[in-house]
Amino acid sequence: MTSDLNIVALVSIGQHPKSGRARRAEQDARAVELGMRLAGDNVQVLHAGDAAEETLRQYAGMGLKSLRVLQQSPQADAVVALGDYLAEHRADVVLTGVRAESGESSGMAPYLLAEKLGWPLVTRIADIVSIENGEAQILQALPRGQRRAIQVRLPFVASVDMAAQVARQSAFGPGRRAELESLPWVETPDSERAQFKEAPARKRPKRLKKVKATTAAERFKAATAKSQGTGGRIIKDQPPTEQAQAIFDLLLEEGVLR
Amino acid sequence: MSDLIRRDPRAEWIARNRLHPLHAAMTAPAGEVRGPSGLLRKNPHGVGFIGPNGIKRIDRSGGSNAAAGGRRGAAKSAQAVELPLHVVEAPDFYVVTVLDLVGGRLGSHDKDVLGQAHKLVNGLEGNGAVLAVVFGECKEEGFGLAGVDRLLHLEGSEYEGYSPEQRLAALVEVERRFTPRYWLFPDSINGGNELGCRLAARLGERPATQAWQVDTQQTLCRGAGGSSDITRATPRLLLLAEECAEPVDERRHEALAVELDSIAPSLVRIRDCGQVAVDPNAIPLAEAEFILSAGNGIRDWDQFHQAAELLGATEGASRVVVDDGFMPRPRQVGASGTWVTARVYLAVGISGAIQHMQGIGQCDKVVAINLDAGCDMVKRADLSVIGDSQAVLAHLIELAREYRHGAAENAA
Amino acid sequence: MILDWLLPVLISAALVLALAGAIKRVNLWRAGQPDSVNLIAGLMAMPRRYLVDLHHVVERDKYMSNTHVATAGGFVLSMLLIVLVHLFGLESRWLAWALLASSVLMFTGAVFVFRRRLNPPSRLSKGPWMRLPKSLLMFSASFFILTLPAAGILPEDFGGWVLALILLVGVAWGLSELVFGMTWGGPMKHAFAGALHLAFHRRPERFNGGRSTGLKPVDLQARVLGVEKPTDFKWNQLLGFDACVQCGKCEAMCPAFAAGQPLNPKKLIQDMVIGLAGGSDAKFAGSPYPGVELGHAVGGPGQTITEGLVNPDTLWSCTTCRACVEECPMMIEHVDAIVDMRRFLTMEKGNTPNKGAEVLENLIATDNPNGFDPGGRMNWAADQNLPLMSDVKEADVLFWVSDGAFDMRSQRILRAFVKVLKAAGVDFAVLGDEERDSGDVARRLGDDATFQSLAKRNIAVLNKYRFKRIVTTDPHAFHVLKNEYGDLGGHYEVLHHTTFINELVQLGRLQLDTFKGGTVTYHDPCYLGRYNGEYDSPRDLLKALGIELAEMERSGFRSRCCGGGGGAPITDIPGEHRIADMRMEDARAVGAELVAVGCQQCTAMLEGVVEPRPQIKDIAELVSEALIEGAPAARAAVAEEVLS
Ligand SMILES: Cc1cc2nc3c(=O)[nH]c(=O)nc-3n(C[C@H](O)[C@H](O)[C@H](O)COP(=O)(O)OP(=O)(O)OC[C@H]3O[C@@H](n4cnc5c(N)ncnc54)[C@H](O)[C@@H]3O)c2cc1C
Ligand code: SF4
Ligand code: SF4
C-alpha cells in the first residue's frame, strides 16, 4: 500500500482491568498495529501527556523508532492539544481507540477531533482494506463478528475496534531504545473534569426478573428458578428426540438461531 | 389457520412438567377471561389439560391450567388489563430519547432509556413529554406502552444502513425545534453510543457515558473502562448504560407522531457499501456468538459439519481432535487455543479438561452432549444431554431443517 | 632410505599445519563476546576435568568408555613418542618399545570403534565419522610397523620400496586425520576443542561433582539483548559447540525430538558450528530436525541465526528439560544456547509464538501468567486461615505458594500440603498477595527483563521478613528461588516440599498410614531432578508410605520431561506426538495405576492425557491422604511448637 501516506495513531495510557496497572491500551495498540501495517514504521505515534511515562515504551516496543509526546500535565485536556497539533500537522488518516481504559473513558476523543478538524469519522473499524486514489475501503466491526464495508475519502479519523488485528508483541529492547520526543505544548486545563469525583466501581445489582406473581405457586417458582440456574439441568434416560428438542428450545430461547 | 384442535405431544409434556423452563410460557392462564363488562369470567372448559391417557387433569395449584393440551388456532385470549393512559397536552419541555430499535423493535435497553426519561421528567417542574426519535424500518407497535409521548419516526433511503451523517443532521434539527431539556441515548454498540457522541461533539456538550444512576442533579457513570465510578452533575446529554432505570410498565402513553419540517440532506462522506456476508466459520472464534464444538466423542465428522451449517453455528474443537487432524488448529478452544465469549457454547463429546474449561469461562450458556454424566463438562453445563452424540446431533439436524423450512415458508 | 628424511618432514608438516589450523580456529572462537574465565586455573584443572568429570559421563556407556580410553590414551601417548622417536630421532629402544605398546593399545581401541560403526544406531552421525575408525587403524598400524626397526625387531631397511610407499600413504592419511584434521574441522576437532572447552567451561561449578543449572542474567543495557548472530555468544560458548563429537546422546534423550517436533539438540549444536565457521548443513550426516529437510540451512558468524540457519520453531520446541545437557559427554550447554537465542527473539524481535506474547503481557501487568487479579492470590485459601507474613513478620518456614494458587487442580495440591504442614505443627506463613510469579516462565521464554523485574520485587518482599527457609510445591519456583535469585541479590535456603515432608517424616513429626492401591510409579520433574539433584526424598517418602515403586525405564537423571517446562505448552510447537502422551506410555509400560509426581505442572500435563490412563497425584496429596491425624507424635510436635 502507498507508504507515503501520513498516518497518525493516537495512544493513551491504558489500565489493566484486573490489576489496574498502567499498560499499553489494547485498542490504541491495535490502532498502532493497523498504522504499522499500512505505513510500516513511518506511522507517527502521538501521545498527549508525560514523556517520562514508562508505559509509552510498550508502544515503542512494537518497533517504533520514535514516539512524539505533546507534554501536558494530568489536569490538561489532552484532546485540545491533540486537535491543535493535528490541525497544524496535516495527516491523511488519524487512528484512535474506541474508548480509553482509564480516566473518563467516554470515547469522545475521536468525535471531538473529527468535529474540530471537520473530517469524517468512521467508528469501530476492524480493518482498512486499501487506500487508493485518496479513498479508503474500510471494514467496520458490527456485533457478533459481522462486518460492514465502508468507503471514505481522505483525510479521515477512525476509531479502531477490538475486532481489529491484535497488536504485535512489544519487545523490551526496541522499546528501551526508542526516542520519546517531547514537545512542549500549550495546555488547556480541563476545568469540568476537576469537578468529577472518581471512586472504584461499585457492584451494580443485577436486575432481578420481576415477576408480577399472582399466586403463591408462581411466587414460589420465581424464587426457586434462580437457584435452579446454578446447578444446570441434566436430561438423562430420555429418547434422543426429546433431548435434541430440549437443546433446540434453549437455542431458540437464547436467540442464536437466525 | 383453522380452528381445529390439534394435539401437540410436546406441549402436553411441557404442560405436565412443571419444572420445564417453558412451562410457564406454555401454560398462560386461559381459563379466566374478562368479560365485556369487565367482570372476571371463568371458562370451565379451559381449565386443566389432557393427560397422557387421554383423561382431563386439573391442577389446582393454578400454575398449569393451560389450554395447552389443545392448541387453538386463532383463539387467543384477550389481553387482560387495560393500563391508564397518560396524556401530555402541551408539553412545557421535552426529554428526547434516540432509540436503537434493533430489528425494528424496541429492545430492553431502549425501554430502560425510556424509563429513565420519565424519571427525569418527573423530577422536573412542569409538564414534560418524552419524545422518541427512531430511524429506519419500524415494526414496533408498543411505543405507547413503553412510555413514548411523542414519536418522531424518520424514514427514507437517506436513513438506511450506516448513515450517521444524515441522522446527525436530523438530530441537530430536533435540537433546533424542540430544544430538549435532556438528550438520552442508549450507550450501546447498536448505534446509540455513536449517535450520542456525534451529537455531543456537534453541540459541544460533554456527555455522561455509561451512566447508570441518573437524576436531575447528579449522575453516576462508569469510567476507566468500567472499573471506576464517576459522580458528576447531570449533563444535558446522556449515554445510558443498560438497566439504568426500570422500564415504564404502569401506564400507557400517547405515542403521538410528530414531524420535522425539513431536514437538509447532509453531505455524505461516509459511504455504506453494505454488510459483508460472513460465513459463520470465518468469524474469529473469539467473536462468535454460537459455537458448536467437537471433542473426542465425535465419530461422524460429516454429520458434525452439517449440524454446524444448519444451526448456523461457528465450529470449535477440543485439542485432541485438533491434534488428531480432524479440525484445523485455529478452531481450538482452550488454554492453548482461543478463549471464546459465545452466548451459547454447545460442547459435543468434550470431557471438560481444565485446559479446555479455561477457554469457555466467559460463555453465557454451556450445553453439553456427552455419554458420561459425571464428566466435568456436564458439571459446568447449564443444560446437559446424556447420550450418544451421533443420535442427538441427528435429531438436532432434523429440528434445524424443519425450522429453516418453516422460516422459508413464512417468508414466502 | 626415503623414509628417514620424509617421515620427519611429514610429521613436522602435519604439526605446522595443525598449528596454523589451531590459530585459525581460535580466531573463530575469539569472535565471540568476552567472558571472564580464569585461563590458567582452567588449563591446570583440565586434565582432571577430562579424566574424572568427563569420564564420569562417558562411563554410563561402558563399551564406549573403555574404547575411548584405549583409543584416545593410545593416541596421545603414541603422538608424544612419535615426536620423540621419529621427529627428533631419539635412539632409545625403550621409547620405541613404548611406542609399539601405545600403538597396539590404540589399534585395539580403534578395532572397537570400528565394530561400533559396523551397524551404528541412528543417533550417531555418519559421513566423515565413518572414516574415523579406519584412519585410527591406519595411523596406529603404520606407526607400529614403522617403529619395529627402531625397536630392533626388524632390520633397518626391511620391506623395500613398496612397503615404504604403502606405509607413507598410511602415515599421511593418519596424520592428516588425526593431527591437522584436529584443527581444520575433521572429526578429531573434538579432541582439540573439547580439551580447551573443558578448561574454559562457562560453568566450572559443574566439575568435581558440582551442579550449575541456573540461567545467567542478561545485561539489559547491552547493545543487543540475547544472541542474534553467532558472534553474540560468549567466546567459550562457541568453543563449546566445537567440542561436539556428534555422538547423538542428546538426540536420543530429547523429548521434543522424540515427539517429532522440529528440534534435535545435536543438529542444533552442529548448526551453531556452521554459524561460527560459515557454510551450510548440506554435509551434515546425522538425523535432521524432524520434518525439516537438510541442505537449506546456511549461516555465518555475522548473520542472524534465525534468518536462514535455525528456524525459530526449533528453539521454541525445547522444554528446557536438560536431558541433553545431562547426557552430553562433552558437557555442552544446549539450554543456555537455546535460551540465549530465545532472548533475542523475545526481547528484540517481539516474536514469542502462540500464547507467549499474551503470557508475558499478563506477567507484566498482573504478575501472573493468566492475567488474574493479583489481589486474588489468596482466594484458594479463604477457608484455610493461613498466617500471613505481613502479619507475623517471622516464621520458621515461608511457604511459597506459586501461581498454582490460581489453578483449581493445583489448589488441591496446595491444600494437601497445608494439611501436612498443620499436622506436623510447622511454624509457617505465606506472602499472600505480596507474592508474585517467580519469573520462571518469563525467563525461559526469553524475557529476562520481566524475569528480573519480578525477581527484584520478590526479593524486596522476601527481604522484609525473617524466616529460616522457603518451601514450595512448585519445582520451577524452587529452582528459580534457589539458583537464579542469587545473581540479583536474593540468597535463601529453599526446599522442595518432598524434601521438607521427608524431613518431617524422618523426624517422626508425621504419622503415615500405608498406601492402599495399585501399582505406583514416580515421575521425576526435570526442575527437581536434573536441575537440583533431588531424586531421593520423593522416593524415600513413597517408601515411607509403603509403596514399592515400579520404576519407569526413563527415571532418575534419565527421566523424560512431561512436556511442561520452558514455556513449551505456551509456545506449543506442533509435532507428531505429544510429549505428555509419550510419558504416559512409559508409565503404562510398567503397569502403573497411579503416577506420583512432585509438580503441579507435571500434574497438569499428565492429566491432559486422554482417559483411560493412570491416575496422577502429587506426593503431597498422597501424604495428606495417608496422614494419621491426631497421632501421638504429631500432637506432641504441635504441643512443642505451641510451648516454644
Ligand atoms: C498444556 C496443555 C494445554 C492444553 N490446551 C488445551 C486446549 O487449549 N484446548 C483443549 O481442548 N484441550 C487442551 N489440552 C488437552 C486437555 O487436557 C484434554 O486432553 C482435552 O481437552 C480432551 O479433549 P476431549 O474432551 O475432546 O477428549 P476426551 O477427554 O477424550 O473426552 C471425550 C468425551 O467425549 C465423550 N464421548 C465419547 N464418545 C461419545 C459419544 N459417542 N457421544 C457423546 N459423548 C461421547 C466422553 O464421555 C468424554 O467425556 C491441553 C493440555 C495440556 C497439558
Ligand atoms: S533441554 Fe530437553 S527439550 Fe531442550 S533440547 Fe535438551 S533434551 Fe531437548
Ligand atoms: S552435543 Fe553432546 S551429546 Fe549431543 S552429539 Fe554433541 S557431544 Fe554428543
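Predicted model: local features only at pLDDT ≥ 70, side-chain atom pairs only at ≥ 80, totals over all residues.
**Ligand 1 and its shell.** Select ligand 1 together with the 30 residues that surround it; the closest are B:Ser318, B:Ser336, B:His356, B:Asp388 and C:Gly608. The surrounding residues come from chains B and C, so the site is shared between chains. By class, the shell comprises 10 nonpolar, 16 polar and 4 charged residues.

**Polar atoms at the ligand.** Display B:Asp388 next: a polar atom of its side chain is 2.6 Å from a nitrogen atom of ligand 1. At B:Asn370, a side-chain N or O atom lies 2.7 Å from an oxygen atom of the ligand. For B:Leu371, show the backbone, where a polar atom is 3.3 Å from a nitrogen atom of ligand 1. On its own, ligand 1 has 970 Å² of accessible area, and the protein covers 88% of this. Now colour α8 (319-323) and α9 (354-359) of chain B and α25 (600-607) of chain C, the elements that give two or more residues to the shell.

**The interface of chain B and chain C.** Select the 14 residues of chain B that are in contact with 10 residues of chain C. About 960 Å² is buried between these chains, with carbon and sulfur atoms giving 47%. There are 3 salt bridges between chain B and chain C; one of them joins the side chains of C:Arg578 and B:Asp323, with an N to O distance of 3.7 Å. On the side of chain B that touches chain C, α8 and α9 of chain B are the elements that give two or more residues. That side has 4 nonpolar, 7 polar and 3 charged residues.

Notes
Residues numbered from 1 in each chain as written. Chains lettered and ligands numbered in written order. Heavy atoms only, no water. Near = heavy atom within 4 Å. Polar contact = N/O pair within 3.5 Å; in protein donor to acceptor, adjacent residues only side chain to side chain. Areas by Shrake-Rupley, 256 points an atom, 1.4 Å probe, with all protein chains shown as cover. Helix = DSSP H or I, 4+ residues; strand = E, 2+ residues; numbered from the N terminus. Nonpolar A, V, L, I, M, F, W, Y, C, P; charged D, E, K, R; others polar. Contact = heavy atoms within 4.5 Å. Buried area = accessible area lost by both parts, 1.4 Å probe. Salt bridge = Lys/Arg side-chain N within 4 Å of Asp/Glu carboxyl O.
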